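User: I'd like to learn how to read charged contacts in a model like the one below. Could you walk me through it?

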Amino acid sequence: QVGVGFQAQQKVTQQSLVQLEAFYALQEGEGDIEVDDPPVDVAAVNPWMLRMAGEVADGVHVHPIGEPGYLARHVVPSIAAGAERAGRDPDDIAVIVPVTTIVGDDDAEIAQARDMARASLSFYGSTPNYAFIWDEAGFEGTTERIRAKQKAGDFGGMATEITDDHLAVFCTEARWDDLANALIDKYDGTVDRLVFYNPAFDSPERFERYGAVARAISDRSAS
């Protein structure tokens, strides 16, 4: 028995031993892998991390509450500043943005998606280090109000602090047939890659529809 990671005294199978031997061989400089270096992306929110990413990373994963104003005020200029410091071209650093979408075929489906978005945004809104994003977008005090509900154990009340005005700024709302164009119009020229945040928590049927939207975006971007 050996300790692997945090799983103390885990019984190691023969396959695990082979993998460990291969790992140690690489550490000793044996068996070089003849492939290009993989791209290294980092997640960043605050300006220091964004500048660091501009200096050394291949891409930046922006936070899900990274609305276009925040991208323009902080993400793009901070990455550019870091790249300039390192003698790099900012265009070589991919800006990767997870987007929260409110999408449906009818008003009832849209309303349900709005409720899900409120819950998601309120969760992130409770993080003190992200407060400046809300404040600069014109929603001062959002984090303080959400945290007050959180401390009181009123988790449903947290979501009520996310108004329709919040949703209009931090989400993209559209019918399914219009979602691809809405996202392109909102992020074109700033973002290199969009990541759909919602499908991880959605139904298989809606997951498939997000795939169709992704293909539509890819096709339009390539044309």
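Analyst: Let's start with accessibility: a residue is buried under 20% relative accessible area, exposed over 50%, and partly exposed in between. Keep in mind that this is a predicted model. Arg 114, at 29% relative accessibility, therefore counts as partly exposed.

User: Which residue does Arg 114 meet in a salt bridge?

Analyst: For a salt bridge, look for a Lys or Arg side-chain nitrogen within 4 Å of a carboxyl oxygen of Asp or Glu. Here the partner of Arg 114 is Glu 173, with 2.7 Å from N to O. Arg 114 sits in helix H4 and Glu 173 in strand S7, so the contact ties together parts 59 residues apart in sequence. Glu 173 is partly exposed too, at 40%.

User: How many salt bridges does a search of the whole structure find?

Analyst: The count is 13. One of them pairs Arg 73 with Glu 136 at 3.1 Å. That one links helix H3 (residues 68–85) to helix H5 (residues 131–136), so it bridges 63 residues of sequence. Arg 73 has a relative accessible area of 37%, and Glu 136 also comes out at 37%.

User: And what about Asp 185, buried or exposed?

Analyst: Exposed, at 59%. Its side chain forms a salt bridge with Arg 220 at 3.5 Å. Asp 185 belongs to helix H9 and Arg 220 to helix H10, so the pair ties together parts 35 residues apart in sequence. Arg 220 is partly exposed, at 37%.

Conventions: Residues are numbered from 1 along each chain as its sequence is written. This is a predicted model: local features need pLDDT of at least 70, side-chain atom pairs count only at pLDDT 80 or more; totals for chains, interfaces and linings use all residues. Side-chain values use heavy atoms; hydrogens and water are left out. Helices (H or I, at least four residues) and strands (E, at least two) are DSSP runs, numbered from the N terminus. Buried means under 20% relative accessible area, exposed over 50%, partly exposed in between (1.4 Å probe, protein chains only).
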